[in-house]
Amino acid sequence: MRLKPFNTIDHSTAIYFGRQQSQSKKGHETNCINRRDCLGILGGSIASLALTSRSLAEKTYSDLPIVDTHLHCFAGPDSNEFPYHPNGPYRPDSAAAVEHLLSCMDGAGIKYAIVVHPEPYQDDHRYLDHCLEVGGGRLKGTCLFFADQPDSLAAMPSFLKDREGSIIASRVHAYAPDRLPPFGKPELRKWWRSVADAGVAVQLHFEPRYAPGFERYIQEFSDTTVIIDHLGRPFQGSPEEYARVLRWADYPNTVMKLASIPKAEHYPHQDIRPIIRQLTNAWGAERMIYGGGFNTDATPDSYRRYRQDLLGHLSHLSSQEQTAILGGNAAQLFGWS
């Protein structure tokens with residue numbers, strides 16, 4: 001699978017996204033779907049953007065799948081077949097098994113999902129491979145390799161080649177001061193170059209204070225999609241730090257993920273609604289995806305409620321825009337259309 005850069009698409013597809021025109025930050029009208037506003041997966045083909053079946057414009061909104069783009073699976077602490085890595089920063093004490101995930105997906109009306117390979121396994125992807133096999137085409141994944149570890153960095157290109165079509169991104173973390181990527185060093189550029197050459201996305205999980213370290217690579221590798229996890233962690237930085245993340249909407253290769261939506265009654269006890277409004281104004285519904293709601297305690301009902309709660313924060317958008325965020329965008333982006 002190769003993620004293609006956003007391309008100009010026709011007017012009928014723009015109607016699918018529910019946004020024929022939008023106001024730019026400078027106040028003038030512009031077509032909201034520009035040359036990078038839609039990603040297509042061509043299964044290794046180098047043809048221009050096309051869908052392998054009916055075009056999105058021909059589909060009704062009810063045809064479009066729900067796609068959860070952010071969940072973790074764990075075999076559990078007692079698994080001998082899939083043990084946690086010794087260097088993992090945390091060790092979940094309960095399993096969140098792929099079989100449980102698929103059952104919850106069925107009950108919650110979720111057709112496809114992205115298994116985000118979690119840090120407890122570090123760059124040991126055996127359980128991820130197991131999840132993808134059991135998923136039978138309903139699941140794809142992200143991987144985790146480390147730019148500052150030579151063996152890990154060297155292993156990534158062949159890993160991505162061998163799993164072409166199943167891995168949609170390589171993830172990088174920047175939130176713990178003792179576990180930061182090598183900002184400004186050749187190793188991080190080499191890591192980004194390998195991801196770009198494989199045709200998959202970069203997935204960023206970071207606190208806003210570390211955003212400047214990534215910006216040069218977002219600019220340099222402008223044909224590589226960059227997925228921003230967890231709304232860019234708005235409450236884990238100062239307003240000035242988060243303002244820089246918001247400005248990343250000006251880079252057309254970025255995609256904002258609505259995941260880990262905090263409740264006002266929980267820490268840090270802040271209202272997320274103004275932030276979500278900022279994000280939808282900045283990125284537009286056509287460059288947003290959603291994820292979340294699955295964990296070890298999830299049920300089909302709780303999984304569905306998470307999505308319904310998110311929709312409550314998107315009430316300012318049209319039903320078409322909401323449908324795009326809940327699955328239409330991700331289905332096209334990750335090759336399920």
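A crossing of two helices is left-handed if the near helix is turned anticlockwise from the far one by less than a right angle, and right-handed if clockwise. I wrote that down before opening the model.

**Ground rules.** The model is predicted: local features need pLDDT of at least 70, side-chain atom pairs count only at pLDDT 80 or more, and totals for chains, interfaces and linings use all residues. Residues are numbered from 1 along each chain as its sequence is written, and side-chain values use heavy atoms, with hydrogens and water left out. Helices (H or I, at least four residues) and strands (E, at least two) are DSSP runs, numbered from the N terminus.

**Entry 1: α2 and α3.** I looked up how helix α2 (residues 98-108) sits against helix α3 (residues 126-135): the angle is about 40 degrees and the axes are 10 Å apart. Axes here are lines fitted to C-alpha atoms, for helices over the stretch in contact, and angles run from 0 to 180 degrees between N-to-C directions. The pair is therefore oblique; angles under 35 degrees count as roughly parallel, over 145 as roughly antiparallel, 65 to 115 as roughly perpendicular and the rest as oblique. I noted the crossing of α2 and α3 as right-handed. Next I listed the contacts (heavy atoms within 4.5 Å). From α2, Val98, Glu99 and Leu102 meet Tyr127, His130, Cys131, Val134 and Gly135 of α3.

**Entry 2: α8.** Which residues of α8 (residues 273-283) are buried? I found Ile275, Ile276, Leu279, Thr280, Ala282 and Trp283. Buried means under 20% relative accessible area, exposed over 50%, and partly exposed in between (1.4 Å probe, protein chains only). Among the elements covering the buried residues of α8 are α7 (239-247) and α9 (300-313).

**Entry 3: the loop between β8 and α7.** Most residues other than glycine have a negative phi. Leu231, though not a glycine, has a positive phi of about 60 degrees. I placed Leu231 in the loop between β8 and α7, and it counts as buried at 1% relative accessibility. Arg233 belongs to the loop between β8 and α7 too, with a positive phi near 50 degrees. At 21% relative accessibility, Arg233 counts as partly exposed.
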